[in-house]
Amino acid sequence: MNLLETIDTPVGSYAPDFELPGIDGQVHHLRRYLEKFRAVGVISMCNHCPYVERYLSRLKNIQAEFGPKGFTLIGLNGSNVDYDTRSSFENMKAFARHHHLNFPYLWDSTQDVTGSFGARKTPTAFLIDTNGIVRYKGKIDNHPQDASSVGEDYLRTAIASLFDGREIDIPQTEAIGTTLIWRN
């Protein structure tokens, strides 16, 4: 395992812009998403993380709930395929089809964008407002083992607060999940 120094974009600062290929064959630009949507949620994820598996239905529900209000999720795969080929670009396409993802899934082959965001685990959520400012970062909720449990739904609450013009009460949490493996 190789550790990489990340930039760690803090809450309140500008999110790193990116141009990355998606599994749809298109190049996706964060700037263009910010021109089109009121907010964007970037989720550091991969195909082989058991935590991502647990959260997929919740992420799809968040997209379905807030999409009509001007929001989109973007899955960001910055996994080291030299270490584990399950997160290769071709496997990303199969993963998205199998799980019926309702949001874009992008490939960060160099890990530069993932490192710039400061993601260290999958999944990690980053909520970005229309001005490109990171307004929330961390875990999706505090009940990863059971989607039906009552608990804190950090990402959902942050999106709702942002859309209602309210301050986000908990702007940062410590992400839980699988530690990212970095290239040499």
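A: Here is a guided look at one helix, its neighbours and a few residues around them. This is a predicted model, in which local features need pLDDT of at least 70 and side-chain atom pairs count only at pLDDT 80 or more, while totals for chains, interfaces and linings use all residues. Residues are numbered from 1 along each chain as its sequence is written, and side-chain values use heavy atoms, with hydrogens and water left out.

Let's begin with helix H3, residues 89–99. Helices (H or I, at least four residues) and strands (E, at least two) are DSSP runs numbered from the N terminus. Met-92, Phe-95, Ala-96 and His-99 are the buried residues of H3, where buried means under 20% relative accessible area, exposed over 50%, and partly exposed in between (1.4 Å probe, protein chains only). Looking down the axis of H3, these buried residues fall within an arc of 95 degrees, so they line one face of the helix; the arc is that of the directions from the helix axis to the C-beta atoms. An α-helix has 3.6 residues a turn, so residues three or four places apart point the same way. On the face of H3 turned away from the buried side sit the exposed residues Glu-90, Arg-97 and His-98. The cover over the buried residues of H3 includes H2, E4 and E5.

His-99 counts as buried because its relative accessibility is 13%. Setting aside residues up to four places away in sequence, His-99 touches Glu-53, Leu-56 and Lys-60, contact being heavy atoms within 4.5 Å. After H3 comes His-100, with a positive phi near 50 degrees.

Among the buried residues of H2 are Tyr-55, Leu-56 and Leu-59. Their cover includes H3 too, along with E3, E4, E6 and H5.

Now for the sheet. It is open, has five strands in the order E5-E4-E3-E7-E8, and its pairing is mixed; two strands pair if DSSP finds at least two bridges between them. Strands E5 (105–107) and E8 (134–138) are the edges, each pairing on one side only. On average, neighbouring strands of the sheet are turned by 20 degrees against each other, direction ignored. H3 packs on this sheet by touching E4 and E5, and its direction makes about 175 degrees with that of E5. Axes are lines fitted to C-alpha atoms, for helices over the stretch in contact, and angles run from 0 to 180 degrees between N-to-C directions.

Our last stop is Gly-78, in the loop between E4 and H3. Gly-78 is buried, at a relative accessible area of 2%. Leaving aside neighbours within four places in sequence, Gly-78 contacts Met-45, Asp-108, Gln-111, Thr-114 and Leu-180. From Gly-78 to Met-92 the C-alpha separation is 11 Å, for residues 14 apart along the chain.
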